[in-house]
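Try each task before reading its solution.

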Amino acid sequence: MSAFAAATGIGSWPGTSAREAAEVVVGELHTLPHLVELPGRGVGADMIGRAGALLVDIGMDTVPRGYRIAAGRTAVLKRARSLLEEDLDALEEAWEKAGLRGADRTVKVQAPGPITLAAQLELGNGHRALTDRGAVRDLTTSLAEGVAAHRADVGRRLDAEVVVQLDEPLLFAALEGRLTGVTSLTPVHAVDEAVAVDLLDECAAAVGVPVAVHICSSGVPWNVLQRSVVEAVSVDASVLAANDLDGVGEFVDSGRTVMFGVVPTTAPEARPSVEEVAKAAVSLTDRLGFARSVLEERIGISPACGLAGATAEWARTAIGLAQKAADAFAEDPDAI
């Protein structure tokens, strides 16, 4: 069974306390807890800032629009690495407190994927790094090496297996040529599908463990993901269109995993029951004609996207619902 056929969170978490977040995640998610990101702490704590702490031999600084590649150990880079260390210490502490060292558990870590990272980082001239083929290659190699080292560090700290999630919210826009340039006269040309596959595969090969790609926007490029070696795809189930179902079906048929984001990221007016969460995933697999056994073997459950905009109470509730739904799949999928 795939490590990603489990309940997990996406990555981001509300608040600023790494210790509180780690305790909740370790306590609520017994199949695939994750190292959280706390963007509420500001610069260096968001998805791209976290990448700055992971990149090897590539620095980062801030600019009005976000982050820019920079030389040397900038204050931003030092802050990003300090925040990551704080998060790792908090997770290790919660892990030890729960008595999980050496237990048969798998943990997930996240990082931006190579295409989204290159789309979000600026070059010195203000253009997206994605517009420079050499910069994209350098970033991908650096990211892959950094994530591999990060994964190994987490594994040593926790004495646990570690899998990796690459966040690619801008993958579809990059493939479609929909990203804006600095001006209308400097467009960002579409990324070739074969190039996208190569970049994802380079990262997956370097980390040496199963890799998932997370896309919470509409327009999941199933054809690219199907050609890649990634083990799993994490999607927001609420934005899947009818033509996405064929992609889901082919991906699962290939022996890989789809993680359905079926829990709201912020508290709805009426809290869904575990049964409602489970049925949201079941309805998709039933429409595709899969046997119910696929729910335990090839389907994961998560919130629709990151939980940074949720209250602390709802974040705990959301991952708890995901875990209970996954437990229901494991106990008796035919009863759902």
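**Exercise 1.** Is Ser 302 buried or exposed?

*Solution.* First, a word on the model: it is predicted, so local features need pLDDT of at least 70, side-chain atom pairs count only at pLDDT 80 or more, and totals for chains, interfaces and linings use all residues. Residues are numbered from 1 along each chain as its sequence is written, and side-chain values use heavy atoms, with hydrogens and water left out.

Step 1: look up the relative accessible area of Ser 302, which is 0%. Step 2: apply the cut-offs (buried under 20%, exposed over 50%, partly exposed in between, with a 1.4 Å probe and protein chains only). Ser 302 is therefore buried.
Step 2: Strands are DSSP runs of E with at least two residues, helices runs of H or I with at least four, both numbered from the N terminus.
Step 3: list its partners. Beyond neighbours within four places in sequence, Ser 302 has contacts (heavy atoms within 4.5 Å) that include Thr 8, Ile 10, Phe 260 and Ala 322.

**Exercise 2.** Work out how helix α2 is set against α3.

*Solution.* Step 1: the axes of α2 (residues 47-54) and α3 come within 8 Å and cross at roughly 95 degrees. Axes are lines fitted to C-alpha atoms over the stretch in contact, with angles from 0 to 180 degrees between N-to-C directions.
Step 1: α2 is therefore roughly perpendicular to α3, a class covering 65 to 115 degrees.
Step 2: the residues in contact include Gly 49 and Arg 50 of α2, and Leu 84 and Asp 87 of α3.

Note on methods:
Parallel < 35°, antiparallel > 145°, perpendicular 65-115°, else oblique.
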